Amino acid sequence: MNIFLYLERDTWVQRLDPRTKMIGLLILFALCLYFNHPLYMAGVSGGILAIAISARALPNLGRLRVILILLFVSSALMWPFFARGPTLLWSWGPFIVSRESLLYGIAMGLRLDSFVITGLILLSTTRNEELTNGLIRMGIPYPVAFAFSTSLRLIPTLAGAGATIIQAQISRGLDLESGNIFRRMGKFIPQAVPLFLYAIRYTNQLAIALESRGFSPGSKRTLYYEPRMRKLDYAVIVLLGAALAAGLYIRWGLGLGVILPGRL
Amino acid sequence: MVVVLGHGGAGKSTLCASMNGIVPHFFRGQYRGRVTVKGLEVARHKVPEISRIVGLVLQDFEPQLFSTNVELEMAFGPENLCLPRQEIESRIRHYLPFLGLENFRRREPASLSGGQKQRLAISSVLTMEPEVLVMDEPTTDLDPEGREEVQTIARRLREQGRTLLVVDCEPETGENADQVWLMREGQLVARGVPREILTDIPRLKSCGIKVPKLVELFSEMRWPGRPLTAREAIALIEERGLAKTRKFKLPDPSIARTGGASILKVEDLGYLYPAHRIEALREINLNIQEGEFVALIGQNGSGKTTLAKHFNALLKPTSGRVLLRGKPTTEYTHREISRLVGYVFQNPDHQIFCNTVYEEVAFGLKMLGEPPSSIEKQVSSALETVGLTGYEKKVPFALGKGERQRVAVASVLAIQPEVLVLDEPTTGLDDRHQRSLMEMLKNLHREGHTIIIITHSMETAAEYAGRAIVMKGGSILLDGPTRDVFAREDRLKEASLYPSSLVQVSNWLGTRGLTVRQLAEELRA
């Protein structure tokens, strides 16, 4: 079972310093928050998608397509009922849908997907260790950075163990195919207890393995994948910074890109 | 090189852990006396300090591999030693080919095979260049080839002048050692050269260690000499004219075997793992009859488990079909199929979750909606079969590995399935527990159950299974009566397997016996 997101590719995004990628992530997140007009939002999303394509991260987007579609559709369907705009399109009792709120919903859908895709780009192009090293070089204490990357590492391990546990329980009669929601909740225990105990045992062994390999939290260590800022990194940061400034000017200088004023 | 042998719970792992200070720093308790390594008293220093001198490879290799590629895994130790990057780089370049991992430098550890993972766990300790290397049961999960690889590594490390302390359950590991130590109930009971320790039958037995089969045979036949390897034994037999070789006849393969009704039939089965798009099984054709005892053997990753998971529809065929009592497995519900085919997973901890052994064993029956009276009856009969009567109220988590394994078997057995599939039932058990578990399966087989075991222990397959199926790269390489399959050493080698030394001698003699007793009877006749 493979649920790791990292893709071994050699593109310019992969070669960036992890710090650049993390700063880039924050800038892109900020850009996503500027506009609530679907056209302008689509411009931002298109840019992010272009980065994803040039990082050759599309297979991962494909794997998460269901989530991406679900996020977009549910947001586009739900928001019109909560946001109110001036141009009435349709109403039924307390339910009112306006042209602006419909467009706002679409923009919000795009925004959520852009968040997810941006995060995916980072995880598809950056190794766990690179993230840790980047965080350390940004001044985060080693134990904190290490805890962060270990928890990322544990997800696929536990998912693999979980799959085996489910198979083991099915083999001795656990029936996951029928029953109402309460009965199904009860069937959660035979899966959760062994997984929980597995996690405890696993982390215990992990701690022993780490100490046996000379790891002690807080002390200095060499970074084998030493992050290094190159010209490309500075160029990317400058470029993204420029985009941030341009967005700022369009949004507040020219007052464009807003479909529903007063909403994020 | 010292090899430590002992029964389960003899204290071998605790001994290993006290070499680098995991005991008493991590596992606290009453600690008396002291361990010194190169004049350093271990208990007075922190584990990371001692790790510069003593490298410890743990038994379970999964939690030891936490990096995202092979190179980083090997760099982790040296990084902690604060070595400069160039030095780390050169050590990685040195140790990759040393353990045959040079083509896997950028690979994700989880994608490696069992043997490769084990070699990576060892090499990630070796890059720290410790003077003492302690390995806790490094070969339990490995196929014969993987075992051989680890043995070769041990020899090469010894040539480099490093000290090795290896713990194991199998006496074969001790053959090449300088010294063998025996442990029993937390005490070191004997120390000496392998030839002396491994041929002392009463003492080995008292420590719960398997007696090397050839030693047992020679003692049973009252032959002089106590050979440890097949080559030694053959030389002795030839030299002294202890027995005559005869002609072993392979039966004509064109004569179809007849037997009971077919219970599991596999037709042109192919399976593709959806996540990796790797073809795990290819054109498997198989017919298992009621009441057979089948061993599925093959290298790690040859597709044994993938095939077995088709027997109870845990996996669904990509192509072809699996017929259970003449009906495709895909047409059964999980409920129906669990009554016909029971599947015991390798690790009992993947399924144990109840507070008492009774509830654990009754779980399946409750799920299937059996009435309470019959649940009680079936649970107590299942517990009796596995020899755990009187354990009903005990907490399963607190039992030993061998007992937990039995609870897992009982919980599947309680449903009284006709076919019982067991994945590596003897792995991690010591001789006594292995034997009693296999005897229990033998009894179930006698009562009419069809038994299918997946195993990498050639000895277990030879001793208990009537039929052996050898898998290689997702296809069936050999299929037939166990005796005949094990006679074809050249074909087995294609699957990187070789029979145990006893069977090798039996092959050379041209006898049919696969166990010490069978062979002795045949030779006396």
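Residues are numbered from 1 along each chain as its sequence is written, and chains are lettered from A, with ligands numbered from 1, in the order in which they are written. In this predicted model, local features need a pLDDT of at least 70 and side-chain atom pairs count only at pLDDT 80 or more, whereas totals for chains, interfaces and linings use all residues.

**Figure 1. Confidence of the predicted model.** The pLDDT is the predictor's confidence in each residue, from 0 to 100. Chain A averages 88, and 97% of its residues score at least 70. For chain B the mean is 90, with 97% of the residues at 70 or more. Within chain A, helix α3(A) (residues 38-54) has the highest confidence, at 95, and helix α9(A) (residues 181-186) the lowest, at a mean of 73. Helices (H or I, at least four residues) and strands (E, at least two) are DSSP runs, numbered from the N terminus. For the complex, the predictor gives an ipTM of 0.86 and a pTM of 0.86.

**Figure 2. The side of chain A that touches chain B.** Here 44 residues of chain A are in contact with 55 residues of chain B; two residues are in contact if their C-beta atoms, placed from the backbone, lie within 7 Å. Helices α7 (128-137), α8 (142-171) and α10 (189-212) of chain A each supply at least two residues of this side. The largest share, 13 residues, comes from α10(A). By type, the residues of this side of chain A divide into 20 nonpolar, twelve polar and twelve charged. In this division Ala, Val, Leu, Ile, Met, Phe, Trp, Tyr, Cys and Pro count as nonpolar, Asp, Glu, Lys and Arg as charged, and the others, Gly among them, as polar.

**Figure 3. The nonpolar cores.** A nonpolar core is a set of buried Ala, Val, Leu, Ile, Met, Phe, Trp, Tyr and Cys residues joined through C-beta atoms within 7 Å. A residue is buried if 20 or more other C-beta atoms lie within 10 Å of its own, exposed if 12 or fewer, and partly exposed in between, with C-beta atoms placed from the backbone. The largest core has 163 residues, and those with the most contacts inside it include L296(B), V361(B), V419(B) and V421(B). Leaving aside residues up to four places away in sequence, V419(B) touches I263(B), L264(B), F311(B), L340(B), V341(B), T450(B) and I452(B). A second, separate core of 31 residues includes L31(A), L102(A), M108(A) and I121(A). In soluble globular proteins, nonpolar side chains tend to be buried together.

**Figure 4. The six-stranded sheet of chain B.** The strands form an open sheet with mixed pairing, in the order β14-β15-β16-β11-β17-β18; two strands pair if DSSP finds at least two bridges between them. At the edges stand β14 (341-344) and β18 (475-481) of chain B, each with a single partner strand, so one side of each is left without a neighbour in the sheet. Strands β14(B) and β15(B) (residues 419-423) pair in the parallel sense over four bridges, and Y343(B) stands opposite V421(B) in β15(B). Strand β17(B) (residues 467-472) runs antiparallel to β18(B), to which six bridges join it, and I469(B) stands opposite D479(B) in β18(B). The hairpin of β17(B) and β18(B) has two residues between the strands, and in this hairpin G473(B) takes a positive phi near 50 degrees.

**Figure 5. The four-stranded sheet of chain B.** This open sheet is antiparallel, with the order β10-β9-β12-β13. Its edge strands are β10 and β13 (327-328) of chain B; each has a single partner strand, so one side of each is left without a neighbour in the sheet. Eight bridges connect β9(B) (residues 262-273) with β10(B) in the antiparallel sense, and Y271(B) has L281(B) in β10(B) as its bridge partner.

**Figure 6. Backbone details in chain B.** Most residues other than glycine have a negative phi, and most peptide bonds are trans. A cis peptide bond joins V23(B) and P24(B), with omega about 10 degrees; P24(B) is in helix α2(B) (residues 22-25). K38(B), not a glycine, has a positive phi of about 50 degrees and is placed in the loop between β2 (36-37) and β3 (40-41) of chain B. K38(B) counts as exposed because it has 10 C-beta neighbours inside 10 Å. E283(B), in strand β10(B) (residues 278-289), has a positive phi near 40 degrees. E283(B) counts as partly exposed because it has 14 C-beta neighbours inside 10 Å.
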